[in-house]
Structure formats: structure tokens, C-alpha cells
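Open the model in your viewer and keep the selection tool at hand. This tour moves from one stop to the next.

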Amino acid sequence: MDKNNVPSELDIMKISLFLKVMADSTRVKILFAIKQKPKSVNEIVDFVGATQSAVSHQLSIMRNVNIVETTRKGNKIYYSLVDDQISKILDIVKAHIN
């Protein structure tokens with residue numbers, strides 16, 4: 001194996017944390033809920049079928065590892081994927097399992 005293609009230890013730790021966060025079924029449902037367009041917490045709650053508290057907690061975890069971001073419109077906060085790479089990862093994993 002070519003060591004030049006192996007990520008640094010710090011990057012390996014970041015990748016591991018990212019994959020741990022992505023390994024939760026509620027979080028995956030939330031990501032698919034906001035994949036097409038930003039949604040408020042209440043819209044995500046309706047889509048996922050979890051409590052508002054549970055959804056807010058999961059969104060906070062995903063914000064901390066730069067998977068989702070927020071936008072404020074009036075008194076509502078909308079959640080969206082940080083970038084198209086997250087959407088592509090979801091698509092790749094979905095295609096892989098099918």
C-alpha cells in the first residue's frame with residue numbers, strides 16, 4: 001500500500017467520527033428528510049416520526065461534525081445539508097446496498 005494515499009492520523013479520526021455520526025438510523029432519516037430542500041424542526045419531526053427533543057438532539061450532533069447547517073427565516077430555523085457531498089454520500093450508500 002502506498003503511504004501517500006493514506007490519510008493522516010487526524011484525518012482518520014475525523015473520518016471515523018463522521019462515519020459514527022452517520023451510523024444512526026434516526027440521523028439517516030433526518031438527512032433524507034432535508035436532502036431535497038431545507039426543513040424546519042417541526043417538518044423534520046413529521047417526516048421522521050420522532051419527538052421534537054430527539055430530532056433537535058440529533059440535529060445538534062450533526063451540526064457539530066459539519067453535516068447539517070442552519071438558516072434563519074423570520075422566527076424559524078431551517079436545516080439543510082452542509083454541501084452536495086453529503087447528498088452524494090447518501091446516494092452512494094443507497095446504491096451500494098441495492
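This is a predicted model: local features need pLDDT of at least 70, side-chain atom pairs count only at pLDDT 80 or more; totals for chains, interfaces and linings use all residues.

Select Ser-87 and show what surrounds it. Beyond its neighbours within four places in sequence, Ser-87 is in contact with Lys-35 and Leu-81. Is Ser-87 buried or exposed? Its relative accessible area is 10%. Buried means under 20%, so Ser-87 counts as buried. Ser-87 belongs to helix 5.

**Next stop: the largest pocket**

Now select the lining itself. Pick Lys-14, Leu-17 and Phe-18, then Val-65 and Asn-66, then Val-82, Asp-83, Gln-85, Ile-86 and Ile-89. The pocket holds about 150 Å³ of space. Colour the lining by residue class. Six of the residues are nonpolar, two are polar and two are charged.

Clear the selection. Pick helix 3, residues 41–48, and helix 4, residues 52–64. At what angle do helix 3 and helix 4 pack? The angle is about 110 degrees, and the axes lie 9 Å apart. An angle of 65 to 115 degrees counts as roughly perpendicular, so that is how helix 3 and helix 4 are set to each other. Show the side chains where the two meet. Helix 3 brings Val-41, Asn-42, Ile-44 and Val-45 to the contact. Helix 4 brings Gln-52, Val-55, Ser-56 and Leu-59. Colour this contact by class too. Five of its residues are nonpolar, three are polar and none is charged.

**Last stop: the whole chain**

Zoom out and switch to a cartoon view. How many helices and strands does the chain have? There are five helices and three strands. Trace the chain along its sequence, and the pattern reads α-α-β-α-α-β-β-α. Turn the model to view it along its principal axes. The C-alpha atoms fill a box of roughly 50 × 30 × 20 Å. Colour by accessible area next. Of the 98 residues, 28% count as buried, and Ser-87 is buried too. Finally, look at which parts of the sequence meet. Take the contacts in the chain with a separation of 6 or more: 49% of them join residues 24 or more positions apart.

How values were computed. Residues are numbered from 1 along each chain as its sequence is written. Side-chain values use heavy atoms; hydrogens and water are left out. Axes are lines fitted to C-alpha atoms, for helices over the stretch in contact, and angles run from 0 to 180 degrees between N-to-C directions. Helices (H or I, at least four residues) and strands (E, at least two) are DSSP runs, numbered from the N terminus. Angles under 35 degrees count as roughly parallel, over 145 as roughly antiparallel, 65 to 115 as roughly perpendicular and the rest as oblique. Contact means heavy atoms within 4.5 Å. Ala, Val, Leu, Ile, Met, Phe, Trp, Tyr, Cys and Pro count as nonpolar, Asp, Glu, Lys and Arg as charged, and the others, Gly among them, as polar. On a 1 Å grid over the protein atoms alone, a cavity is a set of points where a 1.4 Å probe fits but cannot get out, and a pocket is an open set with protein on both sides within 12 Å along at least five of seven lines; lining residues have an atom within 4 Å of a point. Grid points are joined across faces, edges and corners, and a volume is the space filled by probe spheres set on the points. Buried means under 20% relative accessible area, exposed over 50%, partly exposed in between (1.4 Å probe, protein chains only).
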